[in-house]
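Keep the structure in view as you read.

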Amino acid sequence: MFTPTVTRLSLLAAGCSVLVLAACSPAAERPATPEADASAPASEPMAMTQTPFSAAEDKMHEAMMAATGADAGETWARKMIPHHQGALDMSQIVLRDTQDADIRRMAQKTVEMQTTDIAELRRWLETRVGAAAGAAAPGGGGEPPFAPAEAKMKDAMMSATGANTDRMWASKMIAHHQGALDMSQVALRESQDAGIRRMAQKTIEMQTADIGELRAWLQSHPASAG
């Protein structure tokens, strides 16, 4: 008469033991959680596209950002040296790769002009500041006025591209020269030094002419034509 009752109690006890063991098992102690999933290796961010000009661009932007002076005129001179060096370096790259006669002519002219301008800027620094170009003066207060023009130029140069090295160089040089033009306008507004104003005005005139020439070349060599 009591056997069914004992059997039912035994079954219930066995069932409870199974549940307790399951709850204490390692698998139950470590359920899948968002934190556990987060420990999995994340996909790497997409790297920026590298071009033949990337190293020269990076070097130029870093040097320009680090260059400063005691006033706006000195800061402009110190920033224009790596700026012009960047154009010189990029032009030497396209001269190595291009077969286009007009690109070679414009690039060679850029090399010659920028070399001359760098020497002129260094002479001004040595004469007026008494310090070799490249070493930042302490407490340079002239940097902020140029920050917007520098940032605009960097973004425009980095986004400028082309179907081949020739078009890429021309597009990047337009953004590069526009940066020099914008920064020279700032120098004219902020500096009263006669030498700085003369060099800044010359830069505006030369870079404006170069931008027009580069745009004309791009228009006469559409990307669709290869």
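**From surface to core**

The protein chain in this predicted model exposes about 12800 Å². Carbon and sulfur atoms supply 60% of that area. Of the 226 residues in the protein chain, 39% are buried.

The secondary structure is quickly told. The protein chain has nine helices and zero strands. Along the sequence the pattern reads α-α-α-α-α-α-α-α-α. Contacts reach across the sequence: of those between residues at least 6 apart, 76% join residues at least 24 apart.

Now go inside. The largest nonpolar core holds 47 residues, and Trp76 and Trp169 touch the most other members. Two or more residues come from each of helix H4 (54-66), helix H5 (72-97), helix H6 (101-129), helix H7 (147-159), helix H8 (165-190) and helix H9 (194-220). Which helix gives the largest share? H8 does, with 12 residues.

Of its 26 residues, 21 are buried, so the helix is mostly covered. At 1.5 Å a residue, H8 should span 38 Å; its end C-alpha atoms lie 37 Å apart, which agrees. At the start of H8, a side-chain oxygen of Asn164 comes to within 3.2 Å of the backbone nitrogen of Asp166.

Finish at Trp169. What does Trp169 contact, leaving aside neighbours within four places in sequence? The list is Phe53, Met90, Ser91, Val94, Ile103, Met106, Ala107, Thr110 and Leu214.

Technical notes. Residues are numbered from 1 along each chain as its sequence is written. This is a predicted model: local features need pLDDT of at least 70, side-chain atom pairs count only at pLDDT 80 or more; totals for chains, interfaces and linings use all residues. Side-chain values use heavy atoms; hydrogens and water are left out. A nonpolar core is a set of buried Ala, Val, Leu, Ile, Met, Phe, Trp, Tyr and Cys residues joined through side-chain atoms within 4.5 Å. Buried means under 20% relative accessible area, exposed over 50%, partly exposed in between (1.4 Å probe, protein chains only). Helices (H or I, at least four residues) and strands (E, at least two) are DSSP runs, numbered from the N terminus. Contact means heavy atoms within 4.5 Å. The expected span of a helix is 1.5 Å times one less than its number of residues. A polar contact is a pair of N or O atoms within 3.5 Å; within protein, one must be able to donate a hydrogen and the other to accept it, and residues adjacent in sequence count only if both atoms are side-chain atoms. Accessible areas come from the Shrake-Rupley method with a 1.4 Å probe; for residues, only the protein chains shown count as cover.
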